[in-house]
Amino acid sequence: MTFGRDKAMKLLAELDTKKGVGLIERIKQGRGKSKKIYVKRFTTRTVPSKPAPPPPEPFVPIPQVDFSNVQPSKKPTLIILDSVVNKNVL
């Protein structure tokens, strides 16, 4: 690694159960031996379910808009409502 002992001790303390987030656990061995470091399991075996998407809002025409002067197009037009709704153009 490219950092010194002090930085390594701070990083281990940050991961430790007693001082940090609890991803590792240090166990004393005694008689001048170094501590054993156990890495805890931090993933789950079950996959969380995805939340259900919200139901689409029903289409309600705006009563203030006057469509009497609208002329039909000569070319057929394909309108994808999903992209219009996502862009908040309505």
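Mentor: Start with Glu 25 and Lys 40, which form a salt bridge with their closest N and O atoms 4.0 Å apart. Glu 25 lies in strand 1, while Lys 40 lies in the loop between strand 2 and helix 2 (81-86), so the pair ties together parts that are 15 residues apart in sequence. A salt bridge here is a side-chain nitrogen of Lys or Arg within 4 Å of a carboxyl oxygen of Asp or Glu. Side chains of opposite charge can pair when their charged atoms come close.

Some ground rules first. This is a predicted model, where local features need pLDDT of at least 70, side-chain atom pairs count only at pLDDT 80 or more, and totals for chains, interfaces and linings use all residues. Residues are numbered from 1 along each chain as its sequence is written, and side-chain values use heavy atoms, with hydrogens and water left out.

The protein has two helices and two strands. Along the sequence, they follow the pattern α-β-β-α. Both kinds of element are DSSP runs, numbered from the N terminus: helices are H or I with at least four residues, strands are E with at least two.

How exposed is the first pair? Glu 25 counts as partly exposed, at 32% relative accessibility. Lys 40 is also partly exposed, at 32%. The cut-offs are under 20% relative accessible area for buried, over 50% for exposed, and partly exposed in between, with a 1.4 Å probe and protein chains only.

By the salt-bridge rule, the count comes to two. The other pair is Arg 26 with Asp 16, at 3.6 Å from N to O. Arg 26 lies in strand 1 and Asp 16 in the loop between helix 1 (5-15) and strand 1, so this pair ties together parts that are 10 residues apart in sequence.

Stay with Asp 16. Its relative accessible area is 10%, so Asp 16 counts as buried. Of the 90 residues of the protein, 6% count as buried. Which residues does Asp 16 touch, leaving aside its neighbours within four places in sequence? Asp 16 is in contact with Val 21, Gly 22, Ile 24, Glu 25 and Arg 26. Contact means heavy atoms within 4.5 Å. Notice that this list includes Arg 26, the salt-bridge partner of Asp 16. The list also includes Glu 25, the partner of Lys 40.

Val 21 comes next. Val 21 sits in the loop between helix 1 and strand 1. At 62% relative accessibility, Val 21 counts as exposed. Patches use residues with over 30% relative accessible area and no salt bridge; like charges are joined within 9 Å, and nonpolar side chains (Val, Leu, Ile, Met, Phe, Trp, Tyr) within 5 Å. Areas come from the Shrake-Rupley method with a 1.4 Å probe, and for residues, only the protein chains shown count as cover.

Move along strand 1 to Ile 27. Ile 27 is partly exposed, at 34% relative accessibility. Ile 27 and Ile 37 are 10 residues apart in sequence, yet 6.5 Å apart in space, C-alpha to C-alpha. Beyond its neighbours within four places in sequence, Ile 27 is in contact with Lys 35, Lys 36 and Tyr 38.

Lys 35 leads back to charge. Lys 35 lies in the loop between strand 1 and strand 2 and is partly exposed, with a relative accessible area of 43%. Lys 35 gathers with Lys 18, Lys 19 and Lys 28 in a patch of positive charge on the surface. Lys and Arg count as positive, Asp and Glu as negative; His and the chain ends are not counted. Each charge is placed at NZ of Lys, CZ of Arg, CG of Asp or CD of Glu.

Finish with Arg 31. Arg 31 is in the loop between strand 1 (24-27) and strand 2 (36-39). At 84% relative accessibility, Arg 31 counts as exposed. Its phi is near 55°, a positive value in a residue other than glycine. Most residues other than glycine have a negative phi.
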